[in-house]
Each structure stands twice: as structure tokens, then as C-alpha cells.
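Dear colleague,

Please keep the model open while you read.

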Amino acid sequence: MIQITCSGLGGQGVLTLGLILAELAADQGKHVTWIPSYGSEMRGGAANCTMKISDEEIISPYIEEMDLLVALAPQALANYQDKVRPGGCVIVNSSIVKDYEKKDGLAYLEVPANEIALAADNARGVSLVIIGAVIANSKMVPRETGADGVDAYFAKKKIDNPKTRAVFLAGYEAAVNEMARA
């Protein structure tokens with residue numbers, strides 16, 4: 001079982017990020033829980049979601065310790081970093097989360113998601129960059145399966161934008177390159 005928390009601010013696509021990951025896992029026959037949480041603000045308030053992904057039935061959706069934290073804002077890192085189990089990973093949007101203290105025993109994957117999304121001419125695709133990084137790090141699904149899942153998610157919403165796939169793939173490649181340097 002893998003336990004994941006995605007956290008950031010409203011408007012960053014945190015819940016969409018988690019939902020796409022949950023759908024990708026469910027499409028692979030995994031058992032999945034996905035619990036969103038957000039403040040009453042439309043944008044700028046805290047937003048997060050927790051997921052459990054397992055081959056076995058999931059008894060409780062509650063997470064005490066996580067294997068993976070996705071931190072899209074400094075507050076997200078401050079709030080959840082101490083709940084990542086030893087040996088776990090923290091994926092950080094290094095475009096926004098800067099000058100933070102790393103916790104011993106954790107792996108950190110810094111992805112400049114805002115810059116990657118802008119370079120791909122899809123400024124709203126920051127969360128898709130991070131999905132690519134999560135897939136590269138967790139190996140939850142193969143790269144192309146992840147890209148197809150992103151396409152399918154937006155096709156259901158009748159959104160056909162080839163830039164969504166492009167930012168996912170750019171995030172995946174950025175994560176692979178960063179992990180190779182570590």
C-alpha cells in the first residue's frame with residue numbers, strides 16, 4: 001500500500017492532481033481511497049487530499065504516516081513533512097517552495113513545476129507537471145499509461161488540449177533527470 005498526501009493552496013490544482021492519480025490507480029485494478037479537504041476560500045486557502053492505493057482492500061482511508069508528500073506551497077511542507085514515514089519521499093514544487101529545512105531520513109525531489117509548465121506554454125498545467133513527477137518517482141504506472149490517463153481525464157471533461165500531455169511528460173522527464181542526479 002502507498003499512502004499519499006497532496007497539499008497546497010486552492011487554485012493550484014491540488015484536488016485534480018490527487019483525483020487523476022486515484023483514477024490512474026483504479027484503472028489499473030488497485031483499491032483506492034481519495035479524500036479531499038479544502039478551506040472555504042475559492043483560491044488561496046489550504047487545499048489537500050489524501051489517498052491510499054493498494055492491491056488489497058483498504059479498511060480505513062485515514063492516514064497517520066504517508067509514503068509520499070506532494071508539497072505545492074511552503075505551508076504544505078510545514079504542515080505535513082513530519083508525517084512522512086522514514087524512507088518516504090517529498091516532491092516539492094521548487095518554483096514556490098524555497099529555503100526549507102530537509103528532514104533526515106527522507107528523499108526530496110525538487111521539481112520547478114511552474115517554470116516547466118510555462119516552458120510548455122501551459123501555465124495552468126503545474127499540477128500535471130507534478131503528476132508526471134509522482135508517476136516517475138512512484139512507478140505507479142508506466143509513463144505512457146500516465147499520459148493516456150491524463151488525456152482520458154480531460155477527454156471526460158470535453159477538453160482536448162495536447163499541451164496537457166506535454167506538461168505531464170515534461171514533469172515526468174524532469175523528475176527522472178533529477179532522480180538521476182541524486
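How many bridges join strand β1 to strand β4, and do these strands run parallel or antiparallel? In this predicted model, β1 (residues 2–9) and β4 (residues 66–71) are joined by four bridges, and the two strands run parallel. Within this pair, Thr5 has Leu69 of β4 as its bridge partner.

Both strands belong to an open sheet of six strands with mixed pairing, and its order is β2-β3-β1-β4-β5-β6. Because β2 (31–38) and β6 (107–111) stand at the edges and each has a single partner strand, one side of each is left without a neighbour in the sheet. On average, and with direction ignored, neighbouring strands here are turned by 15° against each other. Helix α4 (residues 126–138) packs on this sheet, where α4 touches β1, β4, β5 (84–93) and β6, and the direction of α4 makes about 145° with that of β5.

In general, a packed pair of helices is described by the angle and the distance between the axes. For helix α1 (residues 14–27) and helix α5 (residues 143–156), the axes come within 10 Å and cross at roughly 115°, and this crossing is right-handed. On the α1 side, the contact is made by Thr16, Leu19, Ile20, Glu23 and Leu24, which meet residues of α5 including Gly146, Gly149, Val150 and Phe154. Sorted by class, the contact between α1 and α5 has six nonpolar, four polar and two charged residues.

Notes: Residues are numbered from 1 along each chain as its sequence is written. This is a predicted model: local features need pLDDT of at least 70, side-chain atom pairs count only at pLDDT 80 or more; totals for chains, interfaces and linings use all residues. Side-chain values use heavy atoms; hydrogens and water are left out. Axes are lines fitted to C-alpha atoms, for helices over the stretch in contact, and angles run from 0 to 180 degrees between N-to-C directions. A crossing is left-handed if the near helix is turned anticlockwise from the far one by less than a right angle, and right-handed if clockwise. Contact means heavy atoms within 4.5 Å. Ala, Val, Leu, Ile, Met, Phe, Trp, Tyr, Cys and Pro count as nonpolar, Asp, Glu, Lys and Arg as charged, and the others, Gly among them, as polar. Two strands pair if DSSP finds at least two bridges between them.
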